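Please read the points below against the coordinates. They cover a core, a chain contact and a strand.

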Amino acid sequence: MSTPPLGRRGFLQGALGIGALAATGSLAACAPGGTATQPSKLAAPSASTSAAKGEITIWNRSGDLFKVFDAAIAKFRAAYPNVKVNHQAVDIDAKLANTLISGTDVPDGSFWDDAKIGGQAEHLFDLTDLIAPYKDQTSPYKLSVNTVDGKIYGVPWDLDPGLLWYREDILDSAGVDPASLATYDDLITAARTVKEKDPETRPIHLEKTPFLSQLWLEMLAGQQGTSLTDAQGKLRLDSEEYRRIFTWIQTAVKDDLVTHAPYLEPADVKSLDDGRQVFVPWAIWWSFAPQQLLKATKGKWRAAPLPAWTPGGARSGAMGGSSFVIPAKAKNPELAWLLYEFLCFKEPGYTAVYGPNDVYPGGLSTSIPSYIPAADPAKPLFQPIEALGGQDLWKVAVEAGATIPAATPIPWWWAQSVDYLGNNMQRLMEGKMSPDQVISESAEKIQRNLIDRS
Amino acid sequence: MRSTRLSPYLFIAPFFVVFAAFGIYPLIYALQLSFMRWRGAGAARWVGVDNYLYLLTSPDFWASLGNSAVMWVLIVPLQVVAGLGGAVLLANARLRLRGFFRVAFIAPFVTPLVAMAQVWIVVFDQDYGLINYLLNLAGLPDVAWLTSTTWSKPTLALLFLWKTTGFAIIILLAGLQAVPGGVYEAAALDGASRARQFWSITVPLVRRSMAFLVVIQTLAVFQMFAEPYVVTQGGPYGSTTTAGLYLYNHITASDLGTGAANSFLLVLLVFGLSLVSVRLLRPKDEVS
Amino acid sequence: MNNTRPGLAQYAVLALLAIVFLYPIWWALSSSFKPAAEIITSPLSIGELTLGNYRAMFADVPIGTGFANTALVLLVKGAMTMFFAPLAGYAFAKYDFPFKNLLFGTVLLTLMLPTLVLIIPLLLEMSALGWVNTYQALILPGSIDAFSIFWMRQTIAAIPNELIDAGRVDGAGEFGIFAKVVLPVIRPGLAALAVLTTMNVYNDFVWPVVAVNDTSHQTLQVVLSTLAQNVTGNRIGADFATVWGELLAAGSIAMLPLLVIFVLLQRHFINGILAGSVKG
């Protein structure tokens, strides 16, 4: 930790010496950042299961997921009766980074977006040794986004594989076999066929929110084994893989094959429901739409693996995802690890979250576990989904998820880069920029405003 | 004016005690940060005026100031006029349903912004929002309220106006109370028209409150970040990335040095603007 | 005051404006009773009504505790502001003393500095004091805020000096003049200050969100922000529609007390603001 070396006395000098002299005198005392220290490494708890004892504070987001975790934590308590868990719903995005910097009253563990973890590794426990036994059994993608300089900082939680959501009835009547959609070129061809049959359709969904469109881009890039930066943080936007994606988008737009709408906002929902959209290449969490938002087309959607960019290429990429972190200043890090080990790697733990529960009677079907033994196609945790015509989404998702290639940690400035890359993607989708312009403009600005200022 | 030795210091002491305890340390700390590169983790590096230079040469920084300046033009003059009109009307004892109108105009001020910003997203939705529905009824075409760079600023300005005009009315009502009724009666006897009365009596007398309002709302407009953050995330194409949101983005990215430098540049700017508006609106007979 | 009878046209304009001003509040209140998914899919129509959002919200977040904490903070912070801000405003408006401009400039500086940049240093300070998760951390920083002093200085500057000198001739002490002469005269400004302070404290969320972690110290706005993050954040994942419902339910409940108080007391607020007149 590198909070300023500010003791109570130093503070009093700084605050109560109102005169300029006194203030100058205390400047040295409250300089931000000291010398960088080695991150702390968390070792395996020495105590045996039954002896684990103490209290931990765990942060989660509010909402339904909170209730699901609450129930899962109850299962943990049954296994570790002497560990008291103080489970809190907080505004993690607004609080966690600040709390880590200040180092006071930090939780013993927290849920966090994978995109945030790499930038704050210094404030987190190095969990490499603890995760070692499970490493070979964990999605390589999830491991890679949680690994900075060879050390693992997050307990990999959900995997969010991209899938191709499609209207089964429309493909059927247009004579398109979903199994034939092996590449993105096949998808364009199918979209043309659908449109010839019904000129009203704009079959392919393109995302209008800059943030989500960039997240979607990373799914398509991740599918090809690349991402915005390499492991050393060097930008690799100017590449064949990204150019391939942008050119594909340009083709789809030119042929008028796209519905450009913001994710599940009213305009999007309406055009999904009135049959204009036929293909939605999106993460598994889109399953929420047919289950809760769509009315007219509920039951008509199905999921397939994404097409591949090159014949035989990976059939999925990850879009979003979270992990669990243990702050370096946690009071009971060992106990927090026991909880996360239970949730992520032990059957009663992950079953309690993904399996049928009070909040989701059919199970939680908006992501899948990243722990491979938990993601067994033959042993579904969540049930076939009626809103998808009874399709076994589990099988489709875990098989697609297993093909997701490893990536690199997500740079700390990822969300900021949306102002450049995400916006330029929107220009591409509106036909105002060419693929080469998107690449050169975005790369130049990201380099100057973000990477060079790291 | 009278100078008395100790009393004024005693009277202002409580503020400065609180300021000394909770203001000076953060202030000095932030000032130092503005000369450093520090992302909340690792060692901070002294970079001199680099953060300031970066901002002053960054098109994004100037664009954010430009966006705020446009918002200022859309908001402040209109709010002063509307606030004054509202205050005069609501103070009028012969207005029927006065209680109802008072509640209507001041109520938005009591609502929580995060919830009400959602309303804006829905009501101004291009395809399914209420506003375009009404426009269509009147035979007018759809407007891309939140998704075009032309309309995004006016739409956000409306949210700000809606939310804070109640505040302006309260400030100006308090200013109006200083206008004695007798002055109007005398003016009416002199045969001055109502418009004349308004311009020659009301406006000069509430000048002080107007100056105050302009300064406070200038600060608020240049520091505004929650409205664009919730409604447009600064888009489309950065058209609603206000000075406050641009600053906020540095801080959420834990780019604390740049964020601090940005803050101090904003302070300078806002201070200059406040001086100008105070001077322009100063009552003619006043010196201090 | 200028009490001419408003014409029909003025009523028409006022009525239209009143609808514009009230509609968003009506939308938030009515939508909070709709099934969560319908808030997105059919935002403008009202069909089935349900208490589901409220039930979910009460189960999800400690809104009762939020109310209690907000009330406590409001009471203490409000009392401090209502006493110390006029006092300082009086000194700045009616006295000449060395360093006055420098000191008033400092007050203004704190007003002009964006709060955002001070959050982390202030949090570090609270850590050093061991005050994270305490009421003093919620209350004390900014407890006598620059805005109120500035506002009171403006208000008090309008009082004729003769009035104050008359008090002095009567033999009142300096504080006596403030209490017996200044305060009664600025009652309207104080009424406005009370309204503004209430709103500011009630709706403040930037600092409270980072200053307290545990449930028992959360204010109402912290509770709201916990709900809002799922909507305003990246909206990745499943439950953003249900959280939208909960947010509107919490938002409606949060604004209700102030709305009710305001409706019941508006006459007194406004008359308080309009009360008395300083003949100048």
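Which residues have the most contacts inside the largest nonpolar core?

1. This is a predicted model, in which local features need pLDDT of at least 70, side-chain atom pairs count only at pLDDT 80 or more, and totals for chains, interfaces and linings use all residues. Residues are numbered from 1 along each chain as its sequence is written, with chains lettered from A and ligands numbered from 1 in the order in which they are written.

2. The residues with the most contacts inside the largest nonpolar core are A:Leu339, B:Ile170, B:Leu172, B:Leu173, C:Ala88 and C:Ala250, and the core has 323 residues. Helix α8 (residues 152-176) of chain B gives the largest share of this core, 14 residues. Domain 1 (49-160 + 320-375) and domain 2 (162-319 + 411-453) of chain A each supply at least three residues to this core. A nonpolar core here is a set of buried Ala, Val, Leu, Ile, Met, Phe, Trp, Tyr and Cys residues joined through C-beta atoms within 7 Å; buried means 20 or more other C-beta atoms within 10 Å of the residue's own, with C-beta atoms placed from the backbone. Domain bounds come from an automatic or database domain assignment.

3. Strand β13 (residues 322-325) of chain A has A:Ser322 and A:Phe324 pointing one way and A:Ser323 and A:Val325 the other, and all are buried. Strands are DSSP E runs of at least two residues, and helices are H or I runs of at least four, numbered from the N terminus.

4. β13(A) pairs antiparallel with strand β3 (residues 109-113) of chain A over four bridges, and with strand β6 (residues 155-156) of chain A over two bridges. Pairing requires at least two DSSP bridges between the strands. A:Ser323 is the bridge partner of A:Trp112 and also of A:Pro156.

Technical notes. A residue is buried if 20 or more other C-beta atoms lie within 10 Å of its own, exposed if 12 or fewer, and partly exposed in between; C-beta atoms are placed from the backbone.
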